[in-house]
Amino acid sequence: MKIVPGCRYLQGKIAALVPALGILAQKITILSCLLFLVSCQAKNQPLNMTAEVQVARVVSGQTLEVLGMGEQPNLISQVRLIGLDAPDLRQRPWGDNGKELIEKLIGDGEKSVKLEFDMETKDKFGRTLAYVWKNQMFLNEQVLKQGYALFVGRSPNHKYDERLENAQHWARLMGQGIWNPEKPMRLTPGEFRRMYR
């Protein structure tokens, strides 16, 4: 088969165009993937990033029962403070001390608090995950700063990780609560729960 000289020219142009189309296809694929990821992120974001609720009861150094969540304002919901792992109530005296600290910080009068949500709003037990604010005071941070919990970063909720970790460093440096050198907590809350189920 004989190739006409004009066809060789066209063949060369097509051969040069194929790699360029390959690069364009790669760019379109990468752009499509990025757009897909961004759309997925937007679906995971809670619609309302904050909620004003009434505290019905402090359950522990990391859990509250609140009124005013969702469509049923008189229904009690459990809220787990993001970024910390507090001692179990049976882990004395630290469990009781953590619970009492939160009760003191919330106060006896107006027991309303603001819940601030991050990427994931529920844990595997169905509790609402939140950063809790009383006026301008960040309760999650105060529990760590007073030494009544351990900082535990949990993906994907990392909004205040640095601030919470710094609060724990301060408590440890100052020998507060569980970090008291004269009476330190020997088991982490997780170890205690596994041991005494």
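In these legends, contact means that heavy atoms lie within 4.5 Å. The model shown is predicted.

**View 1. Gln-54 in strand β1 and the residues around it.** Gln-54 lies in strand β1, which covers residues 50–58. Once its neighbours within four places in sequence are left aside, Gln-54 is in contact with Glu-65, Val-66 and Leu-67, and also with Glu-110, Lys-111 and Ser-112. The relative accessible area of Gln-54 is 36%, and the residue is therefore classed as partly exposed. Ile-76, 22 residues from Gln-54 in sequence, can be located in this view by a C-alpha to C-alpha separation of 9.7 Å.

**View 2. Ser-77 in strand β3.** Strand β3 takes in residues 76–81, and Ser-77 is found within it. With neighbours within four places in sequence set aside, the contacts of Ser-77 are with Leu-64, Glu-65, Val-66 and Met-69. Glu-65 and Val-66 are also among the residues in contact with Gln-54. Ser-77 has a relative accessible area of 15%, and because buried means under 20%, Ser-77 counts as buried.

View 3. Asp-88 is found in the loop between β4 and α2, and at 18% relative accessibility it counts as buried. Although Asp-88 and Phe-192 are 104 residues apart along the chain, their C-alpha atoms are separated by 7.6 Å.

View 4. Most peptide bonds are trans.

**View 5. Asn-135, a residue with positive phi.** Most residues other than glycine have a negative phi. Asn-135 is not a glycine, yet its phi is positive, at about 55°. The residue is placed in the loop between β6 (128–134) and β7 (137–138). The relative accessible area of Asn-135 is 66%, so the residue is classed as exposed.

**View 6. A patch of positive charge on the surface.** Lys-124, Arg-154, Arg-194 and Arg-197 gather in this patch. Arg-194 is found in helix α5, which covers residues 189–195, and its relative accessibility of 55% means that it counts as exposed.

**View 7. The whole protein, for placing the close-up views.** The secondary structure comes to five helices and eight strands, and from the N terminus on these elements run α-β-β-β-β-α-β-β-β-α-β-α-α. The protein has 197 residues, of which 38% count as buried. Among contacts between residues at least 6 apart in sequence, 61% join residues at least 24 apart. The accessible surface comes to about 12,800 Å², and 57% of this surface belongs to carbon and sulfur atoms.

Methods:
Residues are numbered from 1 along each chain as its sequence is written. This is a predicted model: local features need pLDDT of at least 70, side-chain atom pairs count only at pLDDT 80 or more; totals for chains, interfaces and linings use all residues. Side-chain values use heavy atoms; hydrogens and water are left out. Patches are made of residues with over 30% relative accessible area and no salt bridge: like charges are joined within 9 Å, nonpolar side chains (Val, Leu, Ile, Met, Phe, Trp, Tyr) within 5 Å. Accessible areas come from the Shrake-Rupley method with a 1.4 Å probe; for residues, only the protein chains shown count as cover. A salt bridge is a side-chain nitrogen of Lys or Arg within 4 Å of a carboxyl oxygen of Asp or Glu. Lys and Arg count as positive and Asp and Glu as negative; His and the chain ends are not counted. The place of a charge is taken as NZ of Lys, CZ of Arg, CG of Asp or CD of Glu. Helices (H or I, at least four residues) and strands (E, at least two) are DSSP runs, numbered from the N terminus. Buried means under 20% relative accessible area, exposed over 50%, partly exposed in between (1.4 Å probe, protein chains only).
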